[in-house]
Amino acid sequence: MIVKTPVKPKEASTVILLRPSSGHAKTGFEVLMVLRHPDSSFVPDSYVFPGGSLEESDCTEDMAALCSGIDRQQARAILDGMPAADEALGAWVSAIRETFEEVGLLLAYREDGTLLDFRSSEESDRFRLYRNHLMENRMSFFDILIQERLTLAADRLHYFSHWITPWFLPIRYDARFFVAAAPANQKTQPDGVELIKHVWISPHELLEGARRRQYDMVEPTMFTIMEIAEFSSIREVISSTTGKRIAARS
């Protein structure tokens, strides 16, 4: 009898990005969904939220110093079960970095304390180039922040849920889900490598599309959409995280 040894899950962060409804809708909100490449080794051809694994560089003292509104001890108190305080805060850093890498949206503050928005085509082009350099390992995320004199808007990410990939799968993640309002005036653009398509869609439309097999989603994603569909505004979704008791699910 062969006994399969479970693979240790990698620490990961996922971001549920929300924006006010567009088009003819005057109420409610939309969620950003991205389609994974069909050749991906993990949940191929599925609609997911942006996110990925923690990297060592996410957990350094230098990165911790650039996090606005939360420090290592606060992060560890929020993320129950995280092995170390540096990794706990690293979950916030990873969430913001991965969002920038995967869909081009950067949750960060300028020196004057305002949320980063691309005020000109020149600025938008500059950050697009930064993103390319980051993905090609020609520039670090820390270097981009220092060069632009930015701090991470970690206080805008709110801990929403905790999912662990089942023990019997060959690729596993211990993923912390955060919810955040998307930054205004920043264009969503999938990286074209891991992610090949995106859609901003209301939770109810997404669930109806899933029922019609237009949007394939894995269980954690589906459950999350069902949960946020119970709310009528972004403020309600974010407010629901206050005092929320979060247990790991798999």
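**Close-up views of a predicted model**

S40 is buried, with a relative accessible area of 16%. That figure, like everything in these legends, comes from a predicted model.

View 1. Look for S40 in the loop between β2 (29-36) and β3 (47-48). Its burial follows from the cut-off: under 20% relative accessible area means buried, and S40 has 16%. What does the side chain of S40 make a polar contact with? The partner is the side chain of R36, at 2.7 Å. There's also the backbone oxygen of F42, which lies 2.9 Å from a polar atom of the S40 side chain.

**View 2. V43, in the loop between β2 and β3.** V43 has its place in this loop. Its phi is near 35 degrees, which is a positive value in a residue other than glycine. To put that in context, most residues other than glycine have a negative phi. Is V43 buried or exposed? With a relative accessibility of 18%, V43 counts as buried.

**View 3. N185, in the loop between β8 and β9.** Here we move to the loop that runs between β8 (173-181) and β9 (195-201), where N185 lies. N185 isn't a glycine, yet its phi is positive, at about 60 degrees. N185 has 56% relative accessibility, so it counts as exposed.

**View 4. Helices α4 and α5, side by side.** This view pairs α4 (residues 121-135) with α5 (residues 141-148). The two helices pack at an angle of about 155 degrees, and their axes are 10 Å apart. Angles over 145 degrees count as roughly antiparallel, so that's the label for α4 and α5. The crossing in which α4 passes α5 is right-handed. Which residues meet here? From α4 come R126, F127, Y130 and L134, and from α5 come F141, I144, Q147 and E148. Sorted by type, the residues of this contact are five nonpolar, one polar and two charged.

**View 5. S233, in the loop between α7 and α8.** The last stop is S233, found in the loop between α7 (219-228) and α8 (234-239). S233 counts as partly exposed, with 24% relative accessibility.

Definitions and conventions: Residues are numbered from 1 along each chain as its sequence is written. This is a predicted model: local features need pLDDT of at least 70, side-chain atom pairs count only at pLDDT 80 or more; totals for chains, interfaces and linings use all residues. Side-chain values use heavy atoms; hydrogens and water are left out. Axes are lines fitted to C-alpha atoms, for helices over the stretch in contact, and angles run from 0 to 180 degrees between N-to-C directions. Helices (H or I, at least four residues) and strands (E, at least two) are DSSP runs, numbered from the N terminus. Angles under 35 degrees count as roughly parallel, over 145 as roughly antiparallel, 65 to 115 as roughly perpendicular and the rest as oblique. A crossing is left-handed if the near helix is turned anticlockwise from the far one by less than a right angle, and right-handed if clockwise. Contact means heavy atoms within 4.5 Å. Ala, Val, Leu, Ile, Met, Phe, Trp, Tyr, Cys and Pro count as nonpolar, Asp, Glu, Lys and Arg as charged, and the others, Gly among them, as polar. Buried means under 20% relative accessible area, exposed over 50%, partly exposed in between (1.4 Å probe, protein chains only). A polar contact is a pair of N or O atoms within 3.5 Å; within protein, one must be able to donate a hydrogen and the other to accept it, and residues adjacent in sequence count only if both atoms are side-chain atoms.
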